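The sequence and the model come first.

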Amino acid sequence: MVTKMIKKIEIKNLTVNYGTKDVISNLNLDIYQNEILAVIGPANSGKSSLLKCLNRMQDFNPSARISGDILMDGESIFKDEDSTFLRRRIGMVSPLPVGLPMSIKENVTYAPRMAGCKDAQELDFIVEDCLKKAALWDEVKDRLDSLATKLSGGQQQRLTIARALSHHPEVLCLDEFSIAIDPVTTMKIESVLSELKKSITIVMVTNVINQAKRLGDRTAMMLNGKILDIDRNENLFHGQVNDLRTKQYIEGFFG
Amino acid sequence: MFRPSNHLILKEIKEKKLKNLLSTVTFFLFLPALIIMLWLFVKGSSALSLDFLFMDPIEGMTAGGIFPTIVGTFWLVIISVLVACPLGVIAAIYLSEYAKDNTLTRIIRLAILNLAGVPSIVHALFGLGAFVLFLKMGTSILAASLTLSVMNLPVIITSTLESLKAVPQSYREASWNVGASRLQTIRHIVLPNSIPGILTGVVFSVGRSAGETAAILFTGVAFYLPFLPQSVFDQCMSLSMHLFTISTQVVGVPDAYPYATALVLILLILSMNSLAVALRSYFRTRRKW
């Protein structure tokens, strides 16, 4: 499958603290180019906080204290004071769907427009391309100018995915993207993700263990801010675990 | 068959009683406003005419009209809003979108709240000291307008802060997530969705300025002027001050004159407030979430 493993992101000794308790403690993790890394683990284990570190959304949280380093393509993401450029390289899909209060089309073109793209043809292309990838195009192609906030929850979730793809990110982070989406559509998006990983790297936090199993190349099991286990799926889901709790979690006994 | 028990029937009666009580109280709140308007209209309408609106006061203010006072009020309101509005909105944006929550910003917020509670006569003394004397503007439209803007700043800041806070945080995060900067997020996401609230605050503060008397008393408003102001460094007359003058200081003013002046003032403020309400409902129908 993946012949050469290039490190896309290296997380080194990452510790995140929101005041009293370490949410992530001393975490080391490499994410390879063109893989899908699934992150599983019970609630409160630091999965979402980890994603928020990757695109430096923690900058906006005044109580967050971060130590350690994250390298992307070998360069520290904390090097620049301004994090907007970093965020353009990373697509982030948050668990709760947020349609920005503008039209569907404006939602998808928001990121490119903010990055300075004014070419109407290119923007139209991005709209169609991204909405198709997010399995939303057929439902909304006739009403691209209607308000995004009037869409249903599941549609808004897919709109969020389309928006995250609109700026051609190198890394796509998905935090529980399928909570509001029906299984058929979820499958459509999953197949798009498998297609996408040929060109980009995907980090996916999920509570659906089968999804991690189906979609991931590797899966990381997190608990209390630490990675208990990380391995290729064919190993991890066939009993080769370091920690018994991973096996129990996968089998549904724990967590 | 299911029959309502006594308890349920009692509950229903109670419910009705409470509803009647609430509607009665609400009606009595509305009553004073209605009575004031009616009373002013009954007493003042005989003096109301186009001449009254567009003539200078003559014969020691016992005849003629109130034109210069309307012009003066207009000047004061426009300039004070032009100064207070950008300052207030910018300060509110800083406090809401940029400032960290620390001791300094908490003191600033507290100061703004306190400023809102300062009596207008104290603002007048401040204006006299700061603008008229220290900055050597003299008693002028400019000094009076600036005093009014200081008085209106907390109102505008507070209402702007409220409407900025009403924009869901998730919108900001979604915008940051795709690589928009803070400024772009404010420009494209936050401001478009808080404009109605901001405008409402501004227009209400306009209404407040128009009716204000004390704050402009020492800073730029004259008892009587035989000419219209030519620049912002001239003094002017104002509706509210004129009302005070002709009702207490001048002998021989026709009975209807003060009432008519008050009516004009109130109609002016009411029309500004209705503009605020209309703007708000217009933007609400266009609200996008």
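## Position of P183(A)

P183(A) lies in helix α7 of chain A, which spans residues 183-196; helices here are DSSP runs of H or I with at least four residues, strands are runs of E with at least two, and both are numbered from the N terminus. Because P183(A) has 8 C-beta neighbours inside 10 Å, it counts as exposed. On this scale, with C-beta atoms placed from the backbone, a residue is buried if 20 or more other C-beta atoms lie within 10 Å of its own, exposed if 12 or fewer do, and partly exposed in between.

## Basis of the model

The model is predicted: local features need pLDDT of at least 70 and side-chain atom pairs count only at pLDDT 80 or more, whereas totals for chains, interfaces and linings use all residues. Residues are numbered from 1 along each chain as its sequence is written, and chains are lettered from A and ligands numbered from 1 in the order in which they are written.

## Chain A as a whole

Chain A contains ten helices and ten strands. Its C-alpha atoms occupy a box of roughly 50 × 40 × 40 Å along the principal axes. Of its 255 residues, 42% are buried.

The radius of gyration of chain A is 18 Å, which agrees with the value near 18 Å for a compact globule of 255 residues; the radius is taken over C-alpha atoms, and the globule rule is 2.2 Å times the number of residues to the power 0.38. Among contacts in chain A with a separation of 6 or more, 68% join residues 24 or more positions apart. Two residues are in contact if their C-beta atoms, placed from the backbone, lie within 7 Å.

## Contact between chains A and B

The contact between the chains takes 23 residues from chain A and 18 residues from chain B. On the side of chain B that touches chain A, α7 (169-177) and α8 (182-211) of chain B each supply at least two residues. The most comes from α7(B), with seven residues.

By class, the residues on this side of chain B are seven nonpolar, seven polar and four charged. Ala, Val, Leu, Ile, Met, Phe, Trp, Tyr, Cys and Pro count as nonpolar, Asp, Glu, Lys and Arg as charged, and the others, Gly among them, as polar.
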